[in-house]
Amino acid sequence: MSVGHYSLTWNLDSIYAGGAGSEAFAAELAAVQQELSELEGLLAAPQEGAAYLNKITELVQSVLLRMRQSDSFVACLTAQNMKDKAATALNDRIKTLNAAFQGALTRYDNVLRSVDDASWTAWVSEGPAAEIAFSLTERREQAKEKLSPELESLIEDMAVDGYHGWGDLYNLVVSRAKFNDIGADGEKRELSAGQMFNKLSASDRSVRQAAFAEWEREWGEQADLCADALNRISGFRLKLYGKRGWHSALKEPLQMNRMSEKTIGAMWSAINEGKPELVKYMQRKAKLLGVEQMDWHDMYASIGTAEKVVSYDEGAAQILEQFAKFSPELAAFSEKAFVDQWIEVEDRPGKRPGGFCTSLPKSKETRIFMTYSGTASNVSTLAHELGHAYHQHVMNDLPAYSQEYAMNVAETASTFAELIVSDSALKAATDKDEKIALLEEKLSSAVSFFMDIHARFLFETRFYERRAEGMLTVEELNKLMEEAQREAFCGAFGQVHPLFWASKLHFYFTDVPFYNFPYTFGYLFSAGIYARAVKEGAAFADRYVALLQDTGRMTVEDLAQKHLGVNLEEPDFWREAVALTTADVKLFLEMTEE
């Protein structure tokens, strides 16, 4: 596929022209408010019968789409410029509207909970409710485990300036963080968190060491504020869980991801069995890097003498070429995303660190955000986010409730897209050094999902156990993080990253607790799916779409049973997925043998 010339910045004006001052967006928010008022009026005077249930459900789904659209648009504005005060003010308004919506949803759920069993069965068996019966039943059952509608609504209202406010404080901390860098020309520059993070994977180890030292220094400066925010966020959650009678901090994240505790246990068990092989890879990588033992900043380092810089256009061409081999539809959709400027990759100050894909379901579009500096990891991230975008694309014509898929299966689509690119490139490589570099890129991903994510999971699990007894200091948080990293990485690192808890945005999300294990689930689940795709060839592309379209209307256990014929609560499927990485380690060791 020929190399195109694509914009480095996205187009948000095609969604709502004018940025934070958009009149069209102001009209959208007014429409949200109007529909919310109508919904609240109907909920204030409950009625019996299917017609009433259908009406309030239709309104709920309309507001849901509008809220997702509005939240995504403002997230894009704040990510592209963390100092955009008007966008920050809009973010506050979105949170206020969302709190009102959550309060309405609490009353809506109470209506669902109040329907007698016979009437419920009749309602969800026919008409518009039948298509979203899974989501409706899920809401009804979860409502039975919560507090009264009045208390839940009060909690949502107070969370805007309390609970969610602490998450916003963290965003402010990140925007104010300043990192010093000495360029190749000897000039001192000030970098944003996003720019400095990219330097942590530089091919020159001295550059990585200096970048990591600066990374730790600045996060050490911000650690007191970060600790305060993290303690308050977790404290709020634990108090709420206690009032609801929930005894495990994992109950909510497992519920949100529609998976059982048996499934997560089987997954980590299979991963722990496979970790010794990954340690062999890390030991060999240390040798190739010329060091006795790897440090944290070596995790994503290239083992070549000089990492090739891949231009954005070249990276896009590589992705489109590999996508086309699996599915012409996936390639065509991705090319549209490049051509229509749905992607923001420019390397500039002021941007939020990290990458994301966000859906604008009302416009039936998505937007992708990252900072692209030409590394192989950047190409993988781009493919990853396009996988997210394609997932939403195939869901666009479904009811709003059926589009509400959980994070773990969302990460399946993105990681599957990464696998398509990395595996195809590996098979096509003829040069030994290139093949080793590509294989190493795959294995560094495995280290991330098997070990890094596990360290985050262990840290957060133990943190919540300790937090129940009181607030933790910076020193205690550092110790918990270091212990989790040494355990999860099986002691393979010399220097670890004690302040990782402060630097990682994911710990501060107030809408999704335990923003870690779903990544590993997605990685391994997608590996199992990919193995079937390779076996079945082009015929699997349609089956893949069918699987994605079911992700919002069943548990992950039912999804796997229906489309793959496997039981996720047993370790066999997970062992098969881990075995794919073990095979990659074996090949890597053979190819790098002296």
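## Exercises on a predicted model

An open sheet of 3 strands has mixed pairing and the order 3-5-4. This is a predicted model, where local features need pLDDT of at least 70, side-chain atom pairs count only at pLDDT 80 or more, and totals for chains, interfaces and linings use all residues. Residues are numbered from 1 along each chain as its sequence is written, and side-chain values use heavy atoms, with hydrogens and water left out.

**Exercise 1.** Work out which strands stand at the edges of the sheet.

*Solution.* Start with the terms: strands are DSSP runs of E, at least two residues, and helices are runs of H or I, at least four, numbered from the N terminus. Two strands pair if DSSP finds at least two bridges between them. Strand 3 (343–344) and strand 4 (356–360) each have a single partner strand, so one side of each is left without a neighbour in the sheet.

**Exercise 2.** Describe how strand 4 meets strand 5.

*Solution.* First, the two run antiparallel, joined by 5 bridges, with strand 5 covering residues 365–369. Next, look across the pair: Cys357 stands opposite Ile368 in strand 5. Finally, helix 2 (residues 50–80) packs on the sheet and touches strand 4 and strand 5.

**Exercise 3.** Decide whether Ser380 is buried or exposed, and find its contacts.

*Solution.* Locate Ser380 in helix 15 (residues 376–395). Then apply the cut-offs: buried means under 20% relative accessible area, exposed over 50%, partly exposed in between (1.4 Å probe, protein chains only). At 16%, Ser380 is buried. Leaving aside neighbours within four places in sequence, Ser380 is in contact (heavy atoms within 4.5 Å) with Glu418 and Glu441.

Conventions
Axes are lines fitted to C-alpha atoms, for helices over the stretch in contact, and angles run from 0 to 180 degrees between N-to-C directions.
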